[in-house]
Amino acid sequence: MLEKLREALSATAGSLRKRLEEVVVYRDLTEKDLDEPLEDLVFSLAEADVALEVAERIASSTKKALVGSRVRRGEDVELVVRKALYESIVRLLSTPGRVDVRSLALERCGSQRPLVIVFFGINGVGKTTTIAKIAYMLKREGARPVVAAADTFRAGAQEQLRAHADRLGVPFIGGKYGRDPASVALDAINYASSRGMCSVLVDTAGRMHIDADLMEELRKIVRVSRPDLRLLVVDALTGNDAVEQAVRFNEAIGIDGVIVTKIDADAKGGTVVSIAATIGKPILYLGTGQSYEDLEEFDPQKFVSRILPLKARA
Ligand SMILES: Nc1nc2c(ncn2[C@@H]2O[C@H](COP(=O)(O)OP(=O)(O)OP(=O)(O)O)[C@@H](O)[C@H]2O)c(=O)[nH]1
Ligand SMILES: [Mg+2]
């Protein structure tokens, strides 16, 4: 996974090093030394699905960090370059507003009002699977979840979430096909609060951000269920389209956080970087496979270490 992004950054670190080794011994680095390798960086990041303006931001903050610095003889030039790149991407990914879903849910156990999370996104991105993964995690942590199938639209959607709930031993609240999905969410919240459950995970039907009726339906679900968190689920494989989805859903519904799925199948890796940089909302989790354990808390430093190891490969 993420090979393309890793290769792009490694190649840049390498070409910057070569360039810098020629000049470091007798003068400070100038913009001119950096322009060409950083231009290459922008292109290779774009090939790895990083949005162009985001790639340009990475290049310019890397340049800022390096211009005027002097690398001493004997110093590891590549490490200096890698650090500058690493820090500029980590900064980009460290969006404010990160929340810890687990502790938020635990705080609500036994209270009148469970933690309510509504999950949404376009068709097939992995909403239902992600809800099952989060239910698994919350149950394991003692933050007793209820899952709600507020997808009363797609054939099989109710059964799909119910099957996960049964397997996980988590209460399931559903509704007949065609029923108002907002009322299914409310049923689940009432069920949870009357039993002192800690959290309610509301699954919604996949919808395109350009479908006005379905977006209005989602607005209603949100209005009625007053979620603590509105989480957008996107598929890493959709690249720049995922960024577009994030922008549109944020305008229409409002987003508190993003989950990027199918990272395990994503050879490029740029979607994560682009989304965090473009909408300024935190990425909370990465989906890394199809089983319940395949959910990773998103940690900017850990993510960047994966695509840009600070130690060059021998
Ligand atoms: N490899 C991989 N597959 C995933 C991941 N998350 C979900 N999937 C798969 O993606 C497919 C669609 O997942 P669903 O959870 O049904 O997606 P959805 O968004 O609920 O779909 P709709 O309700 O139809 O809009 C399934 O085959 C999942 O197993 C992931 O992190 N990695
Ligand atoms: Mg679904």
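How many residues surround ligand 1, and which are the closest? I counted 17, and the closest are Lys-127, Thr-128, Thr-129, Asp-264 and Gln-290. I took a residue as near if one of its heavy atoms lies within 4 Å of the molecule.

Notes on the model. This is a predicted model, where local features need pLDDT of at least 70, side-chain atom pairs count only at pLDDT 80 or more, and totals for chains, interfaces and linings use all residues. Residues are numbered from 1 along each chain as its sequence is written, chains are lettered from A and ligands numbered from 1 in the order written, and side-chain values use heavy atoms, without hydrogens and water.

Ligand 1. I sorted its shell into one nonpolar, eleven polar (Gly counts here) and five charged residues (Asp, Glu, Lys or Arg). Helix 6 (residues 127-140) gives the largest share, four residues. Helices here are DSSP runs of H or I, at least four residues, and strands are runs of E, at least two.

Next I looked up polar contacts (N or O pairs within 3.5 Å). An oxygen atom of ligand 1 lies 2.5 Å from a side-chain N or O atom of Gln-290. For the side chain of Gln-160, I found 2.9 Å. A polar backbone atom of Gly-289 is 3.2 Å from a ligand oxygen. The protein buries 81% of the 660 Å² that ligand 1 exposes when taken alone (Shrake-Rupley, 1.4 Å probe).

Backbone. Most residues other than glycine have a negative phi. I noted Asp-49, with a positive phi of about 80 degrees. Asp-49 sits in the loop between helix 2 (31-47) and helix 3 (52-66). Arg-226 has a positive phi of about 40 degrees. Its loop joins helix 9 (212-225) and strand 5 (229-235).

Methods:
A polar contact is a pair of N or O atoms within 3.5 Å; within protein, one must be able to donate a hydrogen and the other to accept it, and residues adjacent in sequence count only if both atoms are side-chain atoms.
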